[in-house]
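Work through these exercises with the structure open beside you. Try each task before you read its solution.

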Amino acid sequence: MGIVALILIKAAMSLILSSFPLFRSSRSSPASASLAGSGLPKTTPPKTASLQSHSPMFEETKGRIAKLFKKNEVCISTYDTAWVGMVPSPFSSDQPCFPDSLFWLLDNQCPDGSWAQPHHHSHSHSPSLLNKDVLSSTLASILALHKWGLGQHHIAKGLHFLELNFASATDNSQITPLGFDIVFPAMLDHAADLSLNLRLDPTTLNDLMNRRDLELQRCTENGSAETEVYMAYIGEGMGKLHDWESVMKYQRKNGSLFNSPSTTAAAFIALRNSDCLNYLYSALNKFGSAVPAVYPLDIYSQLCIVDNLERLGISRFFSTEIQSVLDETYRCWLQGDEEIIMDASTCGLAFRTLRMNGYKVTSDSFIKVVQDCFSSPGHMRDVNTTLELYRASELMLYPHEIELEKQNSRLRSLLEQELSGGSIQSSQLNAEVKQALDYPFYAALDRMVKKKTIEHYNIDDSRILKTSFRLPSFGNKDLLSLSVQDYNRCQAIHREELREFDRWFVENRLDELEFARHKSAYYYCYFAAAATFFAPELSDARMSWAKNALMTTMVDDLFDVTGSVEEMKNLIQLVELWDVDVSTECCSHKVQILFSALKRTICEVGDRAHQLQGRSIRSHIIVIWLDLLHSMMKEVEWTRDKFVPTMDEYVSNAHVSFALGPIVLPALYLVGPKLSEEMVNHSEYHNLFKLMSMCGRLMNDIRGYEREHDDGKLNAMSLYIMNNGGEITPEVAILEIKSWNDRHRRDLLRLVLEEKSVIPKACKDLFWHMCSVVHLFYNKDDGFWSQELIEVVNQVIHQPILLNHF
C-alpha cells in the first residue's frame, strides 16, 4: 500500500503514453541483462556541468535586482500631490504651504491634458483599466492649481480631457478606486462652486450622482465601525459637513491619517493640526516636491521584493539581501512598528514571510489586524489585501491557534464570493485567487506554482486604494527576465536527468516486469522530485528520490497485487543476505530483476552519498528498505490471518509501510549538509519521518477506505469506525481522520521551521516537500488524476517559458 503505488501506478496512466515521446521501449544495452552480484556497470550520471554557468546578461540582471534592496522607491501619486498642493500655509491662508508641489503639477501634465502617471498606461495590448484613477487625479490637480490662481492653460487642457473622457466615470469595466463614487462627485461639486466651466454629458453626470447618493445612503444606514473608518479615510470627499474632530482618533504616531497624504492634507485644511502638517513635511523631505499614495511604505516595499523573488523561484541568488530584510522586519515586528501593525497588507506579508523563514512570530498581532480589517478603510474591498491575509492565515502551526483557523475560513469565504461574483477585474489576480483557493500552500508543488506565477506575472501590475500606486517589485521586467532564464535553465537540466532516468529504467530491465503495467508511470516518480526541489545542485538527490520511488512502486505491487508469499519472503531474504548469487537464489524471474535493480540502486546512491558525507551510508539505506519490506509483510500476514490490530499497532506499522522511507531518507544525504549517525538516530529525525508518513497514510486511508474495505483490508478509517462500535458513519470518520492529518501536518511544518534543530534545514525541507506531494495528489476527491495533471507534468518538464510580451 505504498504511496507511489497508490498515486502513480493505479491511476489511468494509459492516457499519458502519447504525452512522453522520450520513453524508449527497447533497451540501450542488451549486455545489461547480466545482473549477477554487484559487478554491474554503473549508470552514467547526467552531464549537467555545461548548464551550470550563467551568461553575462544573467549576472547583469542579478546586479540590477540586488540594487532594488537599496532603493525604497514608490511611484508618485498625482492625486495625493494635488491635495498636498491645496494645503495653505499655517501663517497665511492666502499662500500655499507647498508651492513646489504646485510647480510639480505644472511640470507633469501629459500632452492629452491629463495628469496620468506612466503606470496608468498599459504596456500590453489590452486597454488601461485605470481611467477612473486618471480622471480623479486630473480633477484634483485642476482644483489645486485653480485654488492658487496658477496654470490657466493647464487647467483648460485638463478640463477638456475630463469632458472627452467623462464616460469612464461610470464605466463598470474600469477599476474603481476606493471611495471614487463619493470623492469624484464631491470634487465635481467643488469645481461647479468655483465656476469652472465643465461641459459634461448630463446622462453620465446624473448616473454618477445617483451612485454617490446610493453609496452615502448605504454608509449612513450601515453605521458600522467599518463604515465609520471608511468614511474617515475618504474624508476629502465628504465636504464641509464632515466631522473632522471625530476623524482625528485615527491619527497615527507619525501624524498621518491612515498613512495617506491626501486624507492627512484634507484634515489639516479643516483643522490646522500641526502633527498632520509635520507628516506632510516629512513626506516631502523624503520624496521632494511630490508624494506617493501611501507613506511610509518601506517595510512593505522590501517585503514585496522578497516575496516576488521567492514566488518567482530566484530567491536563492539573493540570500544575503533577503536575510537583512527579514532581520529588520522581525525587529520592527517585535517593536510593534505601526508600519506593520496598522497596515493589513504589510502585516499579512510580514507574518507569512517571517513564519515561513523560521522566525518566532505569534499569531496574536496578525489576528487583531485581520479583525480590525473589517473596520478599516476598504481593506476587505481590496482583493490583493484579502488574498495576502488569506495566504498568511494558512500558516497555522500550534494547536491553540483556533482563532487563526476561524479567520482563515472567513477570508476564504470572502475570496470565494469575489471569485464567484466576477468582481475581480484583473485576469492575473483572478487566476491568483483561484490558484490559492484550489491548492493550499501545503498542497502545491513548488515548480508548478512558480511556473504559474511567472506566466501570470503582470508587468502592468498596480495596487489600488483611493488611487493606484506601484513599487519597484510590481511588474519588474528584470525579475521576470531572470526567473524565466533560471526556470528554463533548470528545466533543461531536468530533461537531461529524465533521459538518465529512462536509461536506468531500461538497463535494469524493469520494463520486463508484468506489473510495471504502464511504462510511462515512472515519469511521475521523477516529476515529484523535479517539481519540489529543482535547483541544479540537487541533481543527485532528485535521482535518488525518483529511482527509489519507482522501486517502492514495484515492490509494493509485488506485496499488494501480483506476488506470492514465497516471492515476498524471498525478496526480504535476499536483501538481508545482500551478497548472493541471483542466478541461483531467486525464486522467480521478477524477484531476480527486482532485487538486482534494488541492489544496484542502493549501491549507486550509497556511493554518491559516501562522496558527500565522507562515510559509508549503504548499510543505513539497506536498513531503511528492510524496515519497509518487513512492514509490508506484516500487513500481508494481518490480512491473511484476519488479525485486527489496535490503532496504535496499526499506526506503528502503517507509517512505515506507506513507503516514503526509501524515497526521502536516502536523499537527505545528497542535499548538501553533513548528516551524522547521531543525527539519524535522534528523535527529531524519526519524528519528522513519522509525521510526514502519517500525513500520507491518513489521506490514503480516507481515499482508499471503500476499496480496502471491499478487499477485507483494514486501515485507519475502518479501525476508527470499529473502535466506536460501528455506530458512526464514514462521513463522520473522515472528518476525524482529516483533523488528525491537519494536526500531523502542522506539527511537521513547525518542526521544519524550527530554528534550533538537530537536523539541518535543507534536510528538513525534504520532509515538507514530500508532505506537499502527498497533499497535492490527495487534494481533490478524485486524487488529482486527470488530463490536468498530465498537462502539468508535460509543461513543467518539457515546455520552456517564452518571453514574448516585452
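**Exercise 1.** Find the helix that holds aspartate 327, then decide how exposed this residue is.

*Solution.* Step 1: this is a predicted model. Aspartate 327 lies in helix H14, which covers residues 319–334. Step 2: its relative accessibility is 39%. Buried means under 20%, and exposed means over 50%. Aspartate 327 therefore counts as partly exposed. Step 3: look at leucine 354, 27 residues apart from aspartate 327 along the chain. The C-alpha atoms of the two residues are separated by 9.0 Å.

**Exercise 2.** Decide why helix H29 can be called largely enclosed, and find what covers it.

*Solution.* Step 1: H29 runs over residues 647–657. Step 2: eight of its eleven residues are buried, so the helix is largely enclosed by the rest of the structure. Step 3: name them. The buried residues in H29 are Met647, Tyr650, Val651, Asn653, Ala654, His655, Val656 and Ser657. Step 4: find the cover. It includes helix H28 (618–641), H32, helix H34 (716–723) and helix H35 (730–753).

**Exercise 3.** Classify two aromatic pairs: phenylalanine 351 with phenylalanine 366, and tyrosine 720 with tryptophan 740.

*Solution.* Step 1: know what to read off. A pair of aromatic rings is described by the distance of the centres and the angle of the planes. The whole structure holds 21 aromatic pairs. Step 2: take the phenylalanines. The centres of phenylalanine 351 and phenylalanine 366 are 4.7 Å apart, with 5 degrees between the planes. Planes under 30 degrees apart count as stacked, and this pair of phenylalanine 351 and phenylalanine 366 is stacked. Phenylalanine 351 is in helix H16 (residues 344–356) and phenylalanine 366 in helix H17 (residues 364–373). The pair links distant parts of the chain, 15 residues apart. Both phenylalanine 351 and phenylalanine 366 are buried.

Step 1: take the second pair. The ring centres of tyrosine 720 and tryptophan 740 lie 5.5 Å apart, and their planes stand at 90 degrees, so this pair is edge-to-face. Tyrosine 720 lies in helix H34 and tryptophan 740 in helix H35, so the pair ties together parts that are 20 residues apart in sequence. Step 6: check the burial. Tyrosine 720 is buried, with a relative accessible area of 16%. Tryptophan 740 also counts as buried, at 17% relative accessibility.

Step 2: Phe166, Phe180 and Phe184 form one aromatic cluster.

**Exercise 4.** Look up Asp556 and Asp560, then Asn700 and Glu708, and find the UniProt feature placed there. Are these residues buried or exposed?

*Solution.* Step 1: UniProt gives the annotation "binding site" to Asp556 and Asp560. UniProt also places the feature "binding site" at Asn700 and Glu708. Step 2: take the aspartates. Aspartate 556 is found in helix H24 (residues 539–562), and aspartate 560 lies in helix H24. Aspartate 556 has 0% relative accessibility, so it counts as buried. Aspartate 560 is buried, with a relative accessible area of 18%. Step 3: go on to asparagine 700, in helix H32 (residues 683–703). Asparagine 700 is buried at 2%. Step 4: finish with glutamate 708, in helix H33 (residues 705–710). Glutamate 708 is buried at 1%.

Definitions and conventions
Residues are numbered from 1 along each chain as its sequence is written. This is a predicted model: local features need pLDDT of at least 70, side-chain atom pairs count only at pLDDT 80 or more; totals for chains, interfaces and linings use all residues. Side-chain values use heavy atoms; hydrogens and water are left out. UniProt positions are given in the numbering used here, feature names are shortened, and annotations may be inferred rather than shown by experiment. Helices (H or I, at least four residues) and strands (E, at least two) are DSSP runs, numbered from the N terminus. Buried means under 20% relative accessible area, exposed over 50%, partly exposed in between (1.4 Å probe, protein chains only). Contact means heavy atoms within 4.5 Å. Rings of Phe, Tyr and Trp (its six-membered ring) pair if their centres lie within 6.5 Å; planes under 30 degrees apart count as stacked, over 60 as edge-to-face and the rest as tilted.
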